[in-house]
Amino acid sequence: MSSDDDGGGGQFDEREDEEEEQINLGHQDFSPEVITLLRWLKENGFRNEHRLQVFQYGDRQGRGICARRGRLAVGDELMLLPSKCMLLPSVLRQEKPELYEHFEIDEDCLIAVLMYERARIDAGLSSFWAPYLNTITRDYDYLPLMEANVLQRYATLPVPSSYYRLVSATLIDLERTRVRVSDIITLNKLPILYDHDAFNWAYSVVNTRSVHPNPLMVNSAAFQGDDIALVPFFDIFNHAPSGNAQVQTSCPEGFQMVTHKSFPRYSQVSLFFTVF
């Protein structure tokens with residue numbers, strides 16, 4: 001793909017390039033997995049009128065989202081993701097009860113789905129979720145997955161005791177979840193390949209990328225009654241103390257985001273820390 005193709009069917013000129021560099025302090029992500037994700041979303045009804053694109057930012061922000069069309073006013077729609085593109089425990093249980101009805105805890109259900117779909121992708125089999133899952137690095141750097149001896153070393157470092165307790169509690173939850181998920185797979189003879197690395201990866205994804213909506217959002221049509229979900233593309237947005245975007249909870253068509261305040265094109269789109 002040429003450097004002036006934005007992955008969304010449009011182009012920009014040199015003047016726009018200069019403006020982008022001044023406002024963004026980042027560059028557009030043209031990696032194959034991101035391009036595949038955007039195509040998959042479009043094919044499945046993703047609405048993206050302001051040409052939101054994935055950008056790579058500095059200052060340890062990593063990936064983020066940039067709006068590349070027009071000046072956005074308060075209340076403008078940024079994106080709408082159909083519910084069929086969201087990983088929802090209740091829907092997954094309905095679609096494949098033979099695999100997932102045994103996982104009564106929603107987080108366990110999502111972990112099982114990620115492990116199952118990851119194994120299919122690795123085996124070269126088809127997976128509806130492959131365009132999304134392939135954008136998530138397999139080398140997931142999630143601190144609570146430290147082994148016990150590493151955690152013990154942290155106990156001697158000058159870190160807040162509250163942080164140490166948090167890591168300890170997360171490791172306990174990790175191990176309990178591991179045993180629970182593994183037992184369900186074994187006892188019910190489910191065709192889900194249990195692998196230590198795959199479980200750690202799936203646990204990290206669910207515990208760092210999932211959306212836990214507030215009670216008002218649970219009634220949203222997009223969530224179909226669930227209080228946890230994995231939402232492709234949305235989980236690339238960065239958070240900020242004064243975010244410029246928010247989720248619209250009353251949209252009957254799917255997961256919708258709108259602007260919270262006006263901002264110019266080429267600005268990074270960010271969410272409030274307390275949205276979820």
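## A buried arginine and a helix pair

In this predicted model, the side chains of Arg-68 and Gln-28 form a polar contact at 3.0 Å. Arg-68 lies in the loop that connects strand 3 (62-67) with strand 4 (77-82). Its relative accessibility is 2%, so Arg-68 counts as buried, the limit for that class being under 20%.

As to the whole protein, 50% of its 276 residues count as buried. The secondary structure consists of 10 helices and eight strands. Of the contacts between residues at least 6 apart in sequence, 69% join residues at least 24 apart.

Two packed helices are described by the distance between their axes and the angle between them. For helix 5 (residues 106-122) and helix 9 (residues 196-209), the axes come within 9 Å and cross at roughly 130°. Helix 5 is therefore oblique to helix 9. The crossing of helix 5 past helix 9 is right-handed.

| Helix | Residues in the contact |
|---|---|
| Helix 5 | Glu-107, Leu-110, Ile-111, Leu-114, Met-115, Arg-118 |
| Helix 9 | Asp-197, Ala-198, Phe-199, Trp-201, Ala-202, Tyr-203, Val-205, Val-206 |

By class, the contact of helix 5 with helix 9 comprises 11 nonpolar and three charged residues, with no polar ones.

How values were computed
Residues are numbered from 1 along each chain as its sequence is written. This is a predicted model: local features need pLDDT of at least 70, side-chain atom pairs count only at pLDDT 80 or more; totals for chains, interfaces and linings use all residues. Side-chain values use heavy atoms; hydrogens and water are left out. Axes are lines fitted to C-alpha atoms, for helices over the stretch in contact, and angles run from 0 to 180 degrees between N-to-C directions. Helices (H or I, at least four residues) and strands (E, at least two) are DSSP runs, numbered from the N terminus. Angles under 35 degrees count as roughly parallel, over 145 as roughly antiparallel, 65 to 115 as roughly perpendicular and the rest as oblique. A crossing is left-handed if the near helix is turned anticlockwise from the far one by less than a right angle, and right-handed if clockwise. Contact means heavy atoms within 4.5 Å. Ala, Val, Leu, Ile, Met, Phe, Trp, Tyr, Cys and Pro count as nonpolar, Asp, Glu, Lys and Arg as charged, and the others, Gly among them, as polar. Buried means under 20% relative accessible area, exposed over 50%, partly exposed in between (1.4 Å probe, protein chains only). A polar contact is a pair of N or O atoms within 3.5 Å; within protein, one must be able to donate a hydrogen and the other to accept it, and residues adjacent in sequence count only if both atoms are side-chain atoms.
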